[in-house]
Amino acid sequence: MLSSKVSQALNKQIELEASSSQYYLAMASWAETQGLNGVSAFLYLHSDEERMHMLKLVKFVNERGGHGVVPSLKQPPVTFKSVKSVFEEILKHEIKVTNEINGLVDITLKEKDYTTHNFLQWYVSEQIEEEALARQIVDKLKLIGDDKSGLYFFDRDMTSLATAEAATNKEKK
Ligand code: OFO
């Protein structure tokens, strides 16, 4: 049985994962309108992944006698300055998520809830991957700078990355 403190903290995380999904969905839709099909494919997938993170938490909370609450969400931005700014935002957002997960882990230790602590280890590893990937993409975009043909090839590479991510996600489920 979850303590009310842990249950509240997990529900806060449910909200954060749901808003991540919504945020990345807005980015995907914007990228699609810019003709960046590889970038948008990657972002649509990333949005789905965040929904899966949320769902995993909802199910865990319910299994442990709590109630996973579906949150109402703020509207994410509609347009973005550039592809680089999109991935910089993602990196910033993922760093924030990592901090929140660490805070959650800390709460479970204080509450001596070792089951939830164990469950959260999946999120700890996931955050390492998510931050590393975002960082790698931002670095690539820095190299490309304002080079239009560089962006064209970047978008093409993102299509392959999206395909590879889709295969990894299937394994993770
Ligand atoms: Fe759920 O990992 Fe990103 O936000």
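Predicted model: local features only at pLDDT ≥ 70, side-chain atom pairs only at ≥ 80, totals over all residues.
Biologist: What makes Asp113 and Arg64 a salt bridge?

Modeller: Their closest N and O atoms are 3.6 Å apart. The cut-off is within 4 Å, so the pair qualifies.

Biologist: Which parts does that pair tie together?

Modeller: Asp113 sits in the loop between helix H3 (83-110) and helix H4 (114-144). Arg64 sits in the loop between helix H2 (37-63) and H3. The pair therefore links parts that are 49 residues apart in sequence.

Biologist: Why is Asp113 called buried?

Modeller: Its relative accessible area is 8%.

Biologist: How many salt bridges does a search of the whole structure find?

Modeller: Six. Among them is Glu88 with Lys84, whose closest N and O atoms are 3.4 Å apart. That value is also within 4 Å, so the name holds.

Biologist: How far apart are Glu88 and Lys84 along helix H3?

Modeller: Four residues, so about one helical turn separates them.

Biologist: What makes Glu131 and Arg135 a salt bridge?

Modeller: The N to O distance is 3.2 Å. The limit is 4 Å, so this pair counts. Both residues belong to helix H4, four residues apart, which means about one helical turn between them.

Biologist: Why do Glu131 and Arg135 get separate accessibility labels?

Modeller: Glu131 has a relative accessible area of 14%, so it is buried. Arg135 is at 38%, so it counts as partly exposed. The line for buried is under 20%.

Biologist: Which elements does the protein contain?

Modeller: Five helices and zero strands. From the N terminus on, they run α-α-α-α-α.

Biologist: How do you know that the protein is as compact as a globular protein of its length?

Modeller: Its radius of gyration is 17 Å. The globule rule gives 16 Å for 173 residues. Along its principal axes the C-alpha trace spans about 55 × 25 × 25 Å.

Biologist: What share of the residues is buried?

Modeller: Buried residues make up 45% of the 173.

Methods:
Residues numbered from 1 in each chain as written. Heavy atoms only, no water. Salt bridge = Lys/Arg side-chain N within 4 Å of Asp/Glu carboxyl O. Helix = DSSP H or I, 4+ residues; strand = E, 2+ residues; numbered from the N terminus. Buried < 20%, exposed > 50% of the residue type's maximum accessible area, 1.4 Å probe, protein only. Rg over C-alpha atoms; globule rule 2.2 N^0.38 Å.
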